[in-house]
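Okay, thanks for making time, everyone.

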Amino acid sequence: MGRRGPAPTPTNILKLRGSTLVTERRLRSEVKGPIGHPDCPAWLDEDARAMWDKLIPQLSAMGILSRIDGNALARYCRFWSRWKKAEDFITERGEMYPIKDDQGNVKCFQQWPQVANVIDYDVIRRRINELNQRFGIREIAIDPWNATQLSVQLQGDGLEVVTFGQGFKDMTAPSKELEKLVMSGKLRHGGHPVLRWMASNVAVETDAAGNLKPSKKKSTERIDGIVATVMGIGRMLLDEGECEAGIMIIG
């Protein structure tokens, strides 16, 4: 049986984190990707190409880019381009448009199909299984609300799924840990545009005892990525003995 679990973190990434494993790795041979820059795919649009041209020199300077990374980088650039187009559309037209009767009176408002919040759980399930094949997912923390079917399906796929409460009891400690990482400059998120946008939307809810958590009700827009980050930190805190403390790589 082959090696189980996620693939080892590349030495150059560990070096950026300041990990003590770097010295140990240097004593052993490590397979590296083909040296050089990946070629920009011809199918990327103008915005995606602009992001590609911006990231290539930055990643090269960090010493973590090889020709084999082209596919992953192209997907990121395409995702960023589509997000930018959606944001430009919303800025120009808003998220909703009025539905009027024959007399021109507004009956209701409808969300533009270009920015509609439609969740395709089959797509999510396929993507999670793809990530599991690549990285070896140890467990998945889920908000139990409205995710029963997906949870059962993922467990049927052989993945370990754990519920993570959204109240103060479960969210306070990881929320404070995330705040500490951000304030100390130890959170590396790669400047991910969607995560950055979600971070700008976050409003915090507190109680009389000083507990806190991100509040979807009070936040101005979507904050799902931030909530997921808090949940991930929460699971890490429970298993801290096997996790590399300090810097986290997200996005």
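So, a disulfide here is a pair of cysteine sulfur atoms within 2.5 Å. Keep in mind that this is a predicted model. With that cut-off, how many disulfides do we get? The count is zero. Take Cys-40: the nearest cysteine sulfur belongs to Cys-77 and is 7.3 Å away, so with a cut-off of 2.5 Å Cys-40 is in no disulfide.

Let me zoom out for a second. The protein chain has nine helices and eight strands. Buried residues account for 29% of its 251 residues. And if you take contacts between residues at least 6 apart in sequence, 55% of them join residues at least 24 apart.

Next, the aromatics. The count of aromatic pairs is one. The partners are Trp-80 and Trp-83, with ring centres 6.4 Å apart, and because their planes sit at 50° the pair is tilted. Both tryptophans lie in helix H4, residues 70-93, three residues apart, or about one turn of the helix. Why does that spacing matter for direction? An α-helix has 3.6 residues a turn, so residues three or four places apart point the same way.

As background, in soluble globular proteins nonpolar side chains tend to be buried together. In this model the largest nonpolar core has 15 residues, and Met-171, Leu-178, Ile-226, Val-227, Met-231 and Ile-233 have the most contacts inside it. Helix H7 (168-183), helix H8 (193-201) and H9 each supply at least two residues of that core. Which helix gives the largest share? That's H9, with six residues.

Let's stay with H9 for a moment. This helix covers residues 224-238, and its 15 residues should span 21 Å at 1.5 Å a residue; the end C-alpha atoms are 21 Å apart, so the two agree. Its buried residues include Ile-226, Val-227, Val-230, Met-231 and Ile-233, and there are glycines on that list too, Gly-225 and Gly-234.

Setting aside neighbours within four places in sequence, Leu-178 contacts Leu-187, Ile-226, Thr-229, Val-230 and Ile-233. There is a second, separate core of 13 residues as well, and it includes Leu-44, Tyr-76, Cys-77 and Trp-80.

H8 has its own buried set: Pro-193, Val-194, Leu-195, Met-198 and Asn-201. H4 and H9 are among what covers those residues.

Last stop, a loop. Pro-144 sits in the loop between strand S3 (140-142) and helix H6 (148-156), and this proline is partly exposed, at 42%. Beyond four places in sequence, Pro-144 contacts Thr-163 and Phe-164. Its C-alpha is 7.3 Å from that of Gly-165, 21 residues apart along the chain.

That's my tour; happy to take questions.

Terms used: Residues numbered from 1 in each chain as written. Predicted model: local features only at pLDDT ≥ 70, side-chain atom pairs only at ≥ 80, totals over all residues. Heavy atoms only, no water. Phe/Tyr/Trp six-rings, centres within 6.5 Å; stacked < 30°, edge-to-face > 60°. Helix = DSSP H or I, 4+ residues; strand = E, 2+ residues; numbered from the N terminus. Expected span 1.5 Å × (residues − 1). Buried < 20%, exposed > 50% of the residue type's maximum accessible area, 1.4 Å probe, protein only. Core = buried A, V, L, I, M, F, W, Y, C linked by side-chain atoms within 4.5 Å. Contact = heavy atoms within 4.5 Å.
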